Amino acid sequence: MAMATSPHTLLLKNPNLTPLKNPNFNNPITTTTTSTNTRFNLTAKPISIKCAATSQTQTPIQAPPQTQTHQDRVFNFAAGPATLPEKVLLKAQSELYNWRGSGMSVMEMSHRGKEFLSIIQKAESDLRTLLNISDDYSVLFLQGGATTQFAAIPLNLVNPNDTVDFIVTGSWSDKAFKEAQKYSKPSTIWSGKSEKYTKIPSFHDLEQNPDAKFLHICANETIHGVEYKDYPSPKNGLLVADMSSNFCSKPVDVSKFGLIYAGAQKNVGPSGVTIVIIKKDLIGNAQEITPVMLDYKIHADNNSLYNTPPCYGIYMCGLVFEDLLDQGGLVEVEKKNKKKAEILYNAIDGSNGFYRCPVEKSVRSLMNVPFTLEKSELEAEFIKEATKENMVQLKGHRSVGGMRASIYNAMPLAGVEKLVAFMKDFQARNA
């Protein structure tokens, strides 16, 4: 309907406001003052407003012109939150204002509305396709990061006096072990701490507790850069894995696990989403003290919609899953990741000791590559110069120092090639 051309008056109770000019109107905003209020008279040219409730057809809102290109972006080697696929970001940009003709941004949707239900259901379906997840498992989209799962897992899977086994290969599996002490009786059956977390044990040498209800591992240690290339088979109980930093980076036989959990912010989305894949027959046995928000049954029964979930983060994860499928699935994704890692590790190993990676070669991570310089005093300069070349977040974790290049799925080959070229040039100038 058309607005009348006569002025409309807006009453404001604050008499101290000064007259404004609104750039969206050709005519100025004029004021008249009374003893109790200030009147703002907005005189505008007629505009047309179409309401969804009318029979008029809504004109689709076009995406804003793309003003940035890949040349405007840095190569972001951060460990998490981490780089996202450019295609995904551009699609999200185009849908930000009006998601697929709904008249809303995903940020504005009710999590119980049909629009968001279609988003979360497709995200789950695509993830099931990527990892070949059977109907024997529930897929949950939760909050709180993987760190919250350090408590949720023992609270849901065991009783306070039950024994559980941990293989500690780095900082994150160590933190999981310490949290489990509050809700169970965890035992460290192997720790790599004495060797600065540079190895993974031989499985047949592990002495597992016969009564252990589950065996917990961290599939890829983000800080120390060690990654399981195969997985142990618990003699008793279940295998539980934190896959935060290599989730969806390669095919995984989900059927070997009782529970897989992962923070999304490294490989499949922005921070704020935690994904749990759990066998359905493990759900429903939570300890009495378990908070409602940590009870897997609550979330499974409500299809991850017990309370308002991280809607936009789940939407972004869904776009990433679509992109991974478009690439040919995780077999093809792993090939790309292996190629990137090989180029970087070869540069390190071929530097005659100028660069060094402390991790045993057989368990080097495809995702997180830690390295140091022979001359440690050059590390700050290395990071400074790399930043000038638009390669950022290469500083190692504060607990270990050195450098770390996180080369997740979304890191393009060109980013690794540029880093390697810079490393060789830096060595030539500083060796």
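1. Buried is used here for a relative accessible area under 20%, exposed for over 50% and partly exposed for values in between, with a 1.4 Å probe and protein chains only. Glutamine 149 has a relative accessible area of 2%, and it is therefore buried. The model is predicted, so that local features need pLDDT of at least 70 and side-chain atom pairs count only at pLDDT 80 or more, while totals for chains, interfaces and linings use all residues. Residues are numbered from 1 along each chain as its sequence is written, and side-chain values use heavy atoms, with hydrogens and water left out.

2. Glutamine 149 lies in helix α3 (residues 145-157), where helices (H or I, at least four residues) and strands (E, at least two) are DSSP runs numbered from the N terminus. Leaving aside residues up to four places away in sequence, Glutamine 149 touches Leu142, Pro154, Tyr261, Thr274, Val276 and Tyr296, a contact being heavy atoms within 4.5 Å.

3. Helix α4 (residues 171-180) has Ser171, Ser173, Asp174, Ala176, Phe177 and Ala180 as buried residues. The elements that cover the buried residues of α4 include α3, β6 (163-168), β7 (185-191) and β12 (259-263).

4. Helix α8 (residues 379-388) packs with helix α9 (residues 413-430) at an angle of about 130 degrees, and their axes are 11 Å apart; axes are lines fitted to C-alpha atoms, for helices over the stretch in contact, and angles run from 0 to 180 degrees between N-to-C directions. On the α8 side the contact is made by Glu381, Phe382, Glu385 and Ala386, and on the α9 side by Leu419, Phe422, Met423, Phe426 and Arg429.
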